[in-house]
Amino acid sequence: MKITTPDLRLAQSERAWVKALSTYRQPNRIRSSVELLITIVPLAALWALTWASVAYGQWWGLLLIIPAAMFLVRLFMIQHDCGHGAFFANRHADDWIGRVLGVLTLTPYDYWRRTHAAHHAGAGNLDQRGMGDITTLTVGEYRALSRWGRLRYRLYRHPAIMFVVGPAWLFFLQQRLPFGLMRSGATPWISTMATNFGILLLAGGLIWLCGVVPFMIVHLPIVGLAGALGIWLFYVQHQFEETNWFEGGEWQFQHAALHGSSHYDLPVVLRWFTGNIGIHHVHHLSSRVPYYRLPEVLRDFPELRSLGRITLLESLRCVKLVLWDESRLKLVSFREARLAA
């Protein structure tokens, strides 16, 4: 359904956008079921083919790790929609599908859902950083650090740490305990421990069938590559040149969603594998819109396409943006911050 409210077109009222997008929030349950099947079945088939190639010495088959990792990323996007109650619009179904998928993505669903909700509630708010986001300091905060503190932050923001070491740390170690919610009741602990148990059962079964070495050769690279791709996507959705950050008193949800999240305009194939998560400004504005309906929003409201738009090539330059400059209200590199000083 296309809405052509004159006030919406002329004034670009941010609250009106939320109301307009409410008509896209209803998922098609048959479509959702098909989306799940066409993601998990190819992933299982690619995993099996990769293992078979290793078992029979056909090492070229390791190339199948790349599409397998892409399907695992897509599976996480389904889990992500379940966390927002957007996949089947049935909380019970979404939660249990999300929990099962969490075993495959190494992401404890209920624990992640709570931290991700905190991310959505405070994205772009300088007074609500620290949970479910990429740690980002202001120039003033960075300058106030000790020499050792600056070195640690530089290491944290280095691409090799952020996109290679970071994903391994996050998915293999950090998410095995409910860090950040250690004293927030039983749910985060139950979520992480149950997911860990499911991972042990799945890994144990595959090792029993395939052997330890083939399992390690096949599964670890798939999970590692998928994790790196996931972190990259999450990074560029908020760490881009035109993003906006606000102090608590100035922060407004709708404005932060539209101007603090990017439209990562990927090629069609990558768009499919990433579950349209690049249309991130729309997702933050109305997180209950199923990922397969996000392109409908851009089709019906083309004015949203240009907001925060970055291409694949342009996104590579986002890596250097590491500090929020309070005076210029933009993300800057370490070099730019030094020159400005």
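## The largest pocket

The largest pocket has a volume of about 1,200 Å³, where a pocket is an open set of points on a 1 Å grid over the protein atoms alone, with protein on both sides within 12 Å along at least five of seven lines. Of the 42 residues that line the largest pocket, Gly132, Leu170, Gln175, Ile231 and Phe234 are the closest to its centre, a lining residue being one with an atom within 4 Å of a point. The model is predicted, and local features need pLDDT of at least 70 and side-chain atom pairs pLDDT 80 or more, while totals for chains, interfaces and linings use all residues. Residues are numbered from 1 along each chain as its sequence is written, and side-chain values use heavy atoms, with hydrogens and water left out.

At least two residues of the pocket lining come from each of the helices H4 (65–83), H5, H6, H8 (147–157), H9 (159–173) and H11 (212–236), helices being DSSP runs of H or I of at least four residues, and strands runs of E of at least two, numbered from the N terminus. H9 gives the largest share, with 8 residues. By class, the lining of the largest pocket holds 25 nonpolar, 16 polar and 1 charged residues; Ala, Val, Leu, Ile, Met, Phe, Trp, Tyr, Cys and Pro count as nonpolar, Asp, Glu, Lys and Arg as charged, and the others, Gly among them, as polar.

## Enclosed cavities

A search of the whole structure finds 3 cavities of 30 Å³ or more, a cavity being a set of grid points where a 1.4 Å probe fits but cannot get out. The largest cavity holds about 150 Å³ of space, and of its 18 lining residues the closest to the centre are His119, Ala123, Gly124, His238 and Trp245. Volumes are the space filled by probe spheres set on the points, which are joined across faces, edges and corners.

H6 and helix H12 (253–260) each supply at least two residues of the lining of the largest cavity, which by class consists of 5 nonpolar, 11 polar and 2 charged residues.

## Packing around H4

The axes of H4 and H5 come within 8 Å and cross at roughly 150°, which makes H4 roughly antiparallel to H5. The axes of H4 and H11 also come within 8 Å, with a crossing at roughly 55°, and these two helices are therefore oblique to each other. Axes are lines fitted to C-alpha atoms, for helices over the stretch in contact, and angles run from 0 to 180 degrees between N-to-C directions; those under 35 degrees count as roughly parallel, over 145 as roughly antiparallel, 65 to 115 as roughly perpendicular and the rest as oblique.

## Residues in loops

Most residues other than glycine have a negative phi. Leucine 106, in the loop between helix H5 (91–105) and helix H6 (109–122), has a positive phi near 60° and counts as buried at 7% relative accessibility. Leucine 329, in the loop between strand E4 (323–325) and strand E5 (330–332), has a positive phi of about 55° but is exposed, with a relative accessible area of 55%. Here buried means under 20% relative accessible area, exposed over 50% and partly exposed in between, with a 1.4 Å probe and protein chains only.

Proline 290 lies in the loop between helix H14 (280–285) and helix H15 (294–300) and is buried, with a relative accessible area of 0%. From C-alpha to C-alpha, proline 290 is 44 Å in space from tryptophan 148, the two being 142 residues apart in sequence.
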